[in-house]
Amino acid sequence: MATTPQLDLTFNSKDPWSSDTVMIIPLESSQVLMPESASILSIHAFLKMCKLPYTVREMLNASSIAGNGKVPVLKSGPYVLSELESIIQLAAAKSVSLSANLGLTEKADLRAYMSLIHIVLGNAMLYAVWLDEFVYRNITIHRVGSPFNFPLKYLVPWIQRRRTRAQLKGLKWAERKPEEVKREVETCLVSLSERLGDGEYFFGTGPTELDAVAFGYLFTMITTTLSPEHNFGQLVKQQVNLVRFCQRLEKELFSSGN
């Protein structure tokens with residue numbers, strides 16, 4: 001199983017985790033797209049699993065804060081980060097790691113499954129929200145264009161759609177038919193289901209970074225409706241243990257008081 005390249009970042013390990021850490025996200029009610037929702041929820045889950053303090057702030061221009069345009073953005077002390085991998089490295093620099101007790105083989109397997117989620121489920125979400133004409137016309141263009149006035153409200157989504165199409169084309173996803181995307185997603189979900197088995201977590205008796213990512217993507221798929229052709233939630237529900245996994249973590253991490 002191929003793995004994605006790791007970021008090589010250096011953080012000051014002498015200072016503790018900043019108590020005024022803020023996660024900045026777009027307006028959830030009118031801006032957030034499915035792939036962004038999965039990323040936001042993954043980082044929520046990771047920070048809660050690590051018991052690291054943070055607050056959430058919604059901002060109309062959240063995507064412009066990070067240089068790469070990705071959300072959510074985490075401002076922690078002097079650092080401004082926008083991807084889970086960099087946030088994991090920052091936490092590790094503060095001696096906080098969910099997978100520190102795993103062996104080398106288990107850590108390699110963990111990263112491979114995380115890569116599988118990003119490559120398959122992440123690309124499937126991008127395909128659905130940007131390349132499916134129905135979803136683009138009825139959901140994507142309105143959410144992406146909502147912060148802007150005419151003509152930018154149509155121009156900005158059009159530019160981003162071209163970029164995403166080029167990105168997916170380079171990964172050989174743009175030419176795929178919806179049925180092919182569905183099969184890729186189903187295969188990925190079966191692999192995750194087999195790895196989880198009857199356990200509460202994917203590795204050992206406690207949560208790891210993989211549990212955070214899996215929860216973020218699977219819960220988003222279950223709770224987000226795009227179109228009948230891209231009903232990812234129904235695919236997840238075919239794997240009963242993945243649904244139980246999401247239900248349990250939602251209760252553990254996001255019930256009142258947590």
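I began with a rule: the expected span of a helix is 1.5 Å times one less than its number of residues. I kept in mind that this is a predicted model.

I then looked up the cover of H1 and found 14 of its 17 residues buried. Just after H1, I noted that Lys 51 has a positive phi of about 60 degrees.

Next I went to H7, residues 209-223. Its 15 residues reach 21 Å from first C-alpha to last, close to the 21 Å expected. Here 13 of the 15 residues are buried, so the rest of the structure largely encloses H7.

How do S1 and S2 pair, parallel or antiparallel? I found S1 (residues 22-25) and S2 (residues 55-58) paired in the parallel sense, over 4 bridges. One pair I looked up was Ile 24, whose bridge partner in S2 is Arg 57.

**Salt bridges**

My count came to 6 salt bridges. I started with Arg 137 and Glu 133, whose closest N and O atoms are 2.9 Å apart. Both sit in helix H4 (residues 133-145), 4 residues apart, about one turn of the helix. Arg 137 is partly exposed at 45% relative accessibility, and Glu 133 is partly exposed at 39%.

Glu 133 also meets Arg 161 in a salt bridge, at 2.8 Å from N to O. Because Glu 133 lies in H4 and Arg 161 in H5, this pair ties together parts 28 residues apart in sequence. Is Arg 161 buried or exposed? I found a relative accessible area of 10%; the cut-off for buried is under 20%, so Arg 161 is buried.

I also looked at Glu 252 and Arg 248, which meet at 3.0 Å, N to O. They are 4 residues apart in helix H9 (residues 240-254), about one helical turn. Glu 252 is partly exposed at 36% relative accessibility. Shared partners join Glu 133, Arg 137 and Arg 161 into one network.

**A surface patch**

Which residues make the nonpolar surface patch of about 410 Å²? I listed Phe 148, Leu 152, Leu 155, Trp 158 and Ile 159.

Last, I took Arg 111, in helix H3 (residues 104-131), partly exposed at 26%. From Trp 17 it is 94 residues away in sequence and 24 Å away in space, C-alpha to C-alpha.

Methods:
Residues numbered from 1 in each chain as written. Predicted model: local features only at pLDDT ≥ 70, side-chain atom pairs only at ≥ 80, totals over all residues. Heavy atoms only, no water. Patch = residues over 30% accessible without salt bridge, like charges linked within 9 Å, V, L, I, M, F, W, Y side chains within 5 Å. Areas by Shrake-Rupley, 256 points an atom, 1.4 Å probe, with all protein chains shown as cover. Salt bridge = Lys/Arg side-chain N within 4 Å of Asp/Glu carboxyl O. Pairing = 2+ DSSP bridges. Helix = DSSP H or I, 4+ residues; strand = E, 2+ residues; numbered from the N terminus. Buried < 20%, exposed > 50% of the residue type's maximum accessible area, 1.4 Å probe, protein only.
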